[in-house]
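Hi everyone, thanks for making time.

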Amino acid sequence: CVETIGFPPPESREETRKASGYINLFGFTPQQEREMQELELRATDTMFVVLAEVHLDKPLVLDKLRTMFKGYSQVTPFPIFV
């Protein structure tokens with residue numbers, strides 16, 4: 001029985017890069033990375049919804065997904081589902 005769900009503390013891009021030894025995690029060129037940073041700064045109203053272990057072979061899961069998508073259909077701008 002799950003009683004609590006926690007999140008890791010937020011960290012800046014620079015903290016993550018230092019911790020990872022400046023590994024190029026996504027394969028961007030330096031120019032592409034700068035462009036992505038600019039896009040991120042402008043996208044202040046963007047929402048990502050991350051789903052994991054979604055068992056599409058279960059009818060109850062599909063029903064719950066419909067409910068979730070219906071709820072998010074009212075949100076502006078519409079979120080990006082991952």
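This is a predicted model: local features need pLDDT of at least 70, side-chain atom pairs count only at pLDDT 80 or more; totals for chains, interfaces and linings use all residues.

The mean pLDDT of the protein chain is 87, and 100% of its residues reach 70 or more. If you go element by element, H3 has the highest mean pLDDT, at 93, while strand E2, residues 80-81, has the lowest, at 81.

Okay, the layout. We've got three helices and two strands, and from the N terminus they run α-α-β-α-β. So is the chain a compact globule or more spread out? It's more spread out, because its radius of gyration is 17 Å, well over the 12 Å that the globule rule gives for 82 residues. The C-alpha atoms fill a box of roughly 45 × 35 × 25 Å along the principal axes. Buried residues make up 5% of the 82 residues. And of the contacts with a separation of 6 or more, 50% are between residues 24 or more positions apart.

Now, the salt bridges. How many does a search of the whole structure find? Three.

One joins the side chains of Arg 13 and Glu 40, at 2.4 Å from N to O. This pair links distant parts of the chain, with Arg 13 in helix H1 and Glu 40 in helix H2, 27 residues apart. Arg 13 is partly exposed at 34% relative accessibility, and Glu 40 is partly exposed too, at 46%.

Next come Arg 17 and Glu 33, whose side chains meet at 2.6 Å. Arg 17 sits in helix H1 and Glu 33 in helix H2, so this pair ties together parts that are 16 residues apart in sequence. Is Glu 33 buried or exposed? It counts as buried, because its relative accessibility is 17% and the cut-off for buried is under 20%. Arg 17, at 24%, counts as partly exposed.

Then there's Asp 63 with Arg 66, at 2.9 Å. These two are three residues apart in helix H3, so about one helical turn separates them. Asp 63 is partly exposed at 41%, whereas Arg 66 counts as exposed at 53%.

Last stop, the surface. Leu 51, Val 54, Leu 56, Leu 62 and Phe 69 form a nonpolar patch there, with about 380 Å² of accessible area together. Leu 62 lies in helix H3, residues 59-72, and counts as partly exposed at 31% relative accessibility.

Terms used: Residues are numbered from 1 along each chain as its sequence is written. Side-chain values use heavy atoms; hydrogens and water are left out. Patches are made of residues with over 30% relative accessible area and no salt bridge: like charges are joined within 9 Å, nonpolar side chains (Val, Leu, Ile, Met, Phe, Trp, Tyr) within 5 Å. Accessible areas come from the Shrake-Rupley method with a 1.4 Å probe; for residues, only the protein chains shown count as cover. A salt bridge is a side-chain nitrogen of Lys or Arg within 4 Å of a carboxyl oxygen of Asp or Glu. Helices (H or I, at least four residues) and strands (E, at least two) are DSSP runs, numbered from the N terminus. Buried means under 20% relative accessible area, exposed over 50%, partly exposed in between (1.4 Å probe, protein chains only). pLDDT is the predictor's confidence in each residue, from 0 to 100. The radius of gyration is taken over C-alpha atoms; the globule rule is 2.2 Å times the number of residues to the power 0.38. Contact means heavy atoms within 4.5 Å.
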